[in-house]
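Thanks for coming, everyone. Please take a look at the structure on the screen, and then we'll walk through a few spots.

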Amino acid sequence: MVEDKVEKKEKAEASTDVGTGSIYERLQRIHRQVKYIQKSQQASQYTYAGSSDVLGQIHGLMDDEKMLLVPTIISHHLTSTPNKKGSMVYFTELEMIMTWVNTEQPDEKLECPWYTQGVDIAGEKGVGKALTYGEKYFLLKFFQIATDDVDPDAFQQIVESKKQSEPISSEQQKTLTDLFDLMAGVTQTAAAKVKIGYLNTVGVSDVAQLTHDSAHKLIELVQRQLNKQTEKGV
């Protein structure tokens with residue numbers, strides 16, 4: 001509940017900041033909003049995210065943040081070789097500078113060196129293909145956008161499940177040690193045996209392997225059972 005309120009507050013604050021701040025703040029807001037793009041294009045043996053998929057997600061955000069991306073070719077290399085059928089295959093390589101520009105303050109720029117390539121058979125589309133390919137992958141990699149073969153909701157669930165849980169605190173470790181000792185005294189059982197028994201119930205072999213949440217639940221469990229043992233003694 002608290003996390004939901006914090007998230008809503010952050011989104012509200014972010015919405016009021018759109019189109020303001022430094023070039024890095026503007027790019028960070030775009031980065032925060034585009035986390036995943038589904039592969040919608042189908043090739044013969046694989047699916048992929050097309051340029052329209054990528055630009056469709058980012059173009060509007062760039063406009064909101066008053067940002068332009070200016071591509072500049074600084075080096076061009078063309079190689080041609082025949083394929084197995086005897087047709088010429090043209091391999092175009094481009095060295096580029098991708099420049100982010102804050103249109104409210106055009107002197108504020110961020111230049112990013114970039115490399116791209118394009119393969120063509122006809123011979124006249126190599127540069128265009130390289131530019132399209134380069135722009136798409138620059139945006140994907142610059143904003144660290146995932147394009148896995150899953151739907152966006154499933155992808156977000158995977159991300160959340162892989163987030164590292166908060167580890168057990170030193171205070172929780174001390175509390176559990178004290179509780180294990182108390183339970184050992186009440187039940188006349190070796191403290192080490194009590195400890196192992198409780199850790200087995202949560203699927204770990206050492207207290208340090210517990211997360212903050214699992215430690216909290218284990219503390220509550222031991223306390224409840226300790227209270228019951230104490231009541232029996234009375």
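Is Glu111 buried or exposed? Glu111 is exposed, at 56% relative accessible area. Buried means under 20%, exposed over 50%, and partly exposed in between, with a 1.4 Å probe and protein chains only.

A word on the source. This is a predicted model, where local features need pLDDT of at least 70, side-chain atom pairs count only at pLDDT 80 or more, and totals for chains, interfaces and linings use all residues. Residues are numbered from 1 along each chain as its sequence is written, and side-chain values use heavy atoms, with hydrogens and water left out.

Back to Glu111. Glu111 sits in strand β5, residues 109–120. Strands are DSSP runs of E, at least two residues; helices are runs of H or I, at least four; both are numbered from the N terminus. Setting aside residues up to four places away in sequence, Glu111 touches Ile97, Met98 and Thr99. Contact means heavy atoms within 4.5 Å. Val101 is 10 residues from Glu111 along the chain, and their C-alpha atoms are 8.8 Å apart.

Next, Gln172. This residue belongs to helix α6, residues 170–187. Gln172 is buried, at 9% relative accessible area. Beyond neighbours within four places in sequence, Gln172 contacts His212, Ala215, His216 and Ile219.

Now helix α2, residues 23–33. Ile23, Arg26, Leu27, Arg29 and Ile30 are buried there. They lie on the same side of α2, because they cover an arc of only 155° around the axis. That arc is taken from the directions from the helix axis to the C-beta atoms.

Last, Val127. Val127 is in helix α4, residues 126–142. Val127 counts as partly exposed, at 32% relative accessibility.
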